[in-house]
Each structure stands twice: as structure tokens, then as C-alpha cells.
Amino acid sequence: MKSCEKCGASIEDGVKFCSLCGAPQEEDRMAAEADPGQEMHPAAELQQHGTPPDTQENRKKLESLREQLSSTPYIGAAMVIFSVFMPWISLGRMFDVTIMDISKGLMLAIIFIGAASAYAILKKKNYVLSAAMGHALLIFAVIAFIRYQSLLSEVKKTIFGAMASSAISLDWGGLLFLAGALNLCVVSVFLYMIEQLLLQGGAFTGDVLFRTWKELACAKVKLTSIEVPAWVYSLVIGILLVLLFSQSGMNRMMH
């Protein structure tokens, strides 16, 4: 005799349905309980769970990649933050210009965005927001480079243009900032892609990476009670950084 799994009524061994409540009885589970020492072969276990071996292998690779990238956002944020204290432009190696020298407001904004992007990745797993912030930093970097080229063009029009323009060069601060911004963007895309592929058990390919980046760029970012596309958010933040730069004394001196 045994008891019904649902109502507890006594029923005969081998009966598939309870005579009192009609509940079906799980024979596979009963067999396993009858012989608890029996171990299932790994291949049979995979087959029982319905997960192909190649899917399991893909998931192992993705989990390994996710672990390797776990500390990368810290590196990207640190590169962005430290870049504001390093020279972006050198004038004859005698006078260096940093973001801190250009504008304190711009310096604080860059530090906040870099730290917030890493926090959104690691703590909130908000890959859309982190990627949008990284793209905003890249937009600012591109416009800053255009302004730098404009400076060189203006200088070349002066009497000592050739000599002066050759003395002006980009320094490590700008390169470090660009590398950190790219790091935050790429890591956001990779980690989001990994999360999606782990659910599907798919393999990593270039097409999947591009689709993931496109999905992040077009996803919605929630601002208080409204939602805007991530690319709009990146553009707005990037323009605000440019406006802070435009209000600085360095920019007025350059133009």
C-alpha cells in the first residue's frame, strides 16, 4: 500500500490514479525513490533535460567569458575618471591642458557619467543605460576631436602657423578617455549579449554582436515618468558635455 501524493488516501501499489481524488501518480519519481543509490549517466541526464551537448558547451564558454569581463567595467570607469586629470593637449611640451583646467563642471560631469556607467553594469545590470552613457562619452570625444582639428586650422592661418601647429599635439589624457569610453560601450554590449545567449543557449557570432548593439541603441531609457530611445539619451548627454566645454575659457581661447 502507498499514499496518494495529493490527498493522502491509501491506494494499491502500481495504481496510476487515486480512486478517491483521481490524481495521477508519478511512477518515475517513485522508481527513483525505490532505488536512490542508482546514478544517472551524464549523457542520459542531458537527454532527459532536453538540452543538447553543444548548447551546454556554448553556455560554459559564455559563462567563462562573463567571468573574464566581470572586472572590465571598473577598468573602463577608472580610465575615464583618471583621464580628466591628465593632459589632453600639449603646447610644445611646456604647457599641458587637462579637463580639470578647462572646466570644473565638465570634469565632474565626466567623472559622474563614467562611474554611473560602471555602476549600472555591475550593480543594476542595466546594460541599456550603461551603453547609452558610454555612447554619450564617445559623442563628446568625437566633437572634442573636431574642435581640436578646428584649432589647428585656425592656428595655421597665423603668421607663425606652421611652427605653432606643429607644437600642438594630443596627449595621453584624450587617448585614455577614448579607450575608457569604448571599454564601457563594448562591455555593456558583450554582457547583455551573454545574458541573452545564456537563456537561448546560442553561440557567439559577429552577427549576434551587431544585433545586440543595435538592440541596445534602440532600447528605451526611462527618465522619471517618460521613456526615450537610448540613442536620443546618448545624444542629449553628449551635447550637454559639449555645452559645458563651450562655456569654458579654453574653448573661447581656441576660437
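Predicted model: local features only at pLDDT ≥ 70, side-chain atom pairs only at ≥ 80, totals over all residues.
The lining of the largest pocket is mostly nonpolar by class: 19 nonpolar residues, one polar and two charged.

**Largest pocket**
- The lining counts 22 residues.
- W88, A141, A144, F145 and L170 lie nearest the pocket centre.
- Two or more lining residues come from each of β3 (87-91), α5 (99-102), α7 (127-156), α9 (172-200) and α12 (249-254).
- Helix α7 gives the most to the lining, with eight residues.

**Helix α10**
- Helix α10 covers residues 206-218, 13 residues in total.
- At 1.5 Å a residue, α10 should span 18 Å; the end C-alpha atoms are 19 Å apart, so the two values agree.
- V208, T212, L216 and A217 are buried in α10.
- These buried residues pack against α7, α9 and α11 (230-246).
- An α-helix has 3.6 residues a turn, so residues three or four places apart point the same way.

**Confidence**
- The protein chain averages a pLDDT of 79, and 74% of the residues score at least 70.
- The pLDDT is below 50 over residues 28-48.

Key: Residues numbered from 1 in each chain as written. Heavy atoms only, no water. 1 Å grid on protein atoms, 1.4 Å probe; cavity = no way out; pocket = protein on both sides within 12 Å on 5 of 7 lines; lining within 4 Å. Helix = DSSP H or I, 4+ residues; strand = E, 2+ residues; numbered from the N terminus. Nonpolar A, V, L, I, M, F, W, Y, C, P; charged D, E, K, R; others polar. Expected span 1.5 Å × (residues − 1). Buried < 20%, exposed > 50% of the residue type's maximum accessible area, 1.4 Å probe, protein only. Contact = heavy atoms within 4.5 Å. pLDDT = per-residue confidence, 0-100.
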